[in-house]
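Biologist: I have a new model open and would like to learn how to read its features. Could you walk me through it?

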Amino acid sequence: MERKELGEYSIKRVEDLIERALLKYPKALRAWTLIKADHRVLASWEMANYLATRKMKYNVHDDTHAKMVALNALRMLEFLEEANVKPDAVKDGYGDPDDARLIVLLAALLHDIGNQVDRDGHNMYSVVLSNEILEEILSKIYEDSFKRTIIKAFILHAIHTHMEETKSRTIEASVVKVADGTDMTKGRSRLPYDMGNVNIHTVSALSIERVEIVRGSEKPVEIRVYMTNSAGIFQVEEILYRKLESSVIFDYVDIIAITIPEEASVDKRLVRKIVTMGGKLEHLPK
């Protein structure tokens with residue numbers, strides 16, 4: 001169930017960009033090498049996506065989503081550091097920039113694996129399922145059990161608070177949460193839409209052409225969302241902005257949403273007709 005559309009990136013490109021972002025950070029790079037080859041993680045991504053997409057007709061929650069979130073979170077972390085906004089693990093003396101990247105990376109990659117249990121409460125299930133995986137991976141990087149437990153606590157907090165209803169208390173958790181909201185392009189909703197799940201979530205996601213994370217002009221981070229239909233504003237307002245609101249990086253991030261092409265007088269049509277058939281609403285593509 002591989003997602004084919006990634007805007008401007010292929011999954012191989014995303015993986016290459018993650019590795020490039022971690023080249024100067026040996027602990028985080030080691031964690032990346034370990035986790036992407038872990039069969040428990042691979043199976044967890046598969047089953048989280050199976051339940052969310054195939055059984056619930058929800059947006060895609062596969063390894064591609066996890067890696068896109070990791071890449072965007074690492075980008076935001078870099079731009080924040082350039083603006084002298086330090087990760088909490090560094091600022092409060094628990095680690096260095098390498099540790100901060102490891103925290104962000106592993107939290108992003110594992111944040112949604114709880115979907116294999118159920119969508120409701122999946123953030124808590126993700127915490128439970130991640131605990132043993134993290135213990136094994138981190139034991140190969142941190143010999144000191146005290147340091148290892150502290151790093152794991154940062155990761156588990158980020159996993160638990162990635163939903164907009166829960167307040168993220170650290171920079172690391174916040175970039176993971178907001179990055180989760182940035183992976184909302186049309187490729188994530190294509191499969192559930194084709195399976196007949198036509199609602200504001202799938203239609204609005206189909207309206208998002210691409211998302212860019214760049215250095216901001218007014219604030220350290222700028223998130224640019226390009227939409228082909230104004231229905232995409234639902235994704236921006238109800239998901240991305242709410243995630244930003246419940247983070248600690250609200251003052252450091254600007255969101256700019258633009259309909260493209262800007263000179264067009266009408267939006268691209270996504271839904272042609274909806275009618276009542278057999279006691280329910282049906283979407284007619286033609």
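Modeller: Gladly! Bear in mind that this is a predicted model. Let's begin with helix α3, where Val41, Ser44, Trp45, Ala48, Asn49, Ala52 and Thr53 are buried.

Biologist: Which residue has a positive phi of about 65° although it is not a glycine?

Modeller: That is Asn84, found in the loop between α4 and α5. Exposed means over 50% relative accessible area, so Asn84, at 60%, counts as exposed.

Biologist: Which residues touch the most other members of the largest nonpolar core?

Modeller: A core joins buried nonpolar residues through side-chain atoms within 4.5 Å. Here the largest one has 70 residues, and Ile18, Leu102, Leu105, Leu106, Ile155, Ile223 and Val225 touch the most other members. Helix α4 (residues 63-82) gives the most to this core, with eleven residues. Leaving out residues up to four places away in sequence, the contacts of Val225 include Met184, Ile208, Arg210 and Leu240.

Biologist: And which residues form a nonpolar patch on the surface?

Modeller: Val117, Tyr125 and Leu129 do, with about 230 Å² of accessible area together. Tyr125 sits in helix α7 (residues 122-139).

Definitions and conventions
Residues numbered from 1 in each chain as written. Predicted model: local features only at pLDDT ≥ 70, side-chain atom pairs only at ≥ 80, totals over all residues. Heavy atoms only, no water. Buried < 20%, exposed > 50% of the residue type's maximum accessible area, 1.4 Å probe, protein only. Helix = DSSP H or I, 4+ residues; strand = E, 2+ residues; numbered from the N terminus. Contact = heavy atoms within 4.5 Å. Patch = residues over 30% accessible without salt bridge, like charges linked within 9 Å, V, L, I, M, F, W, Y side chains within 5 Å. Areas by Shrake-Rupley, 256 points an atom, 1.4 Å probe, with all protein chains shown as cover. Salt bridge = Lys/Arg side-chain N within 4 Å of Asp/Glu carboxyl O.
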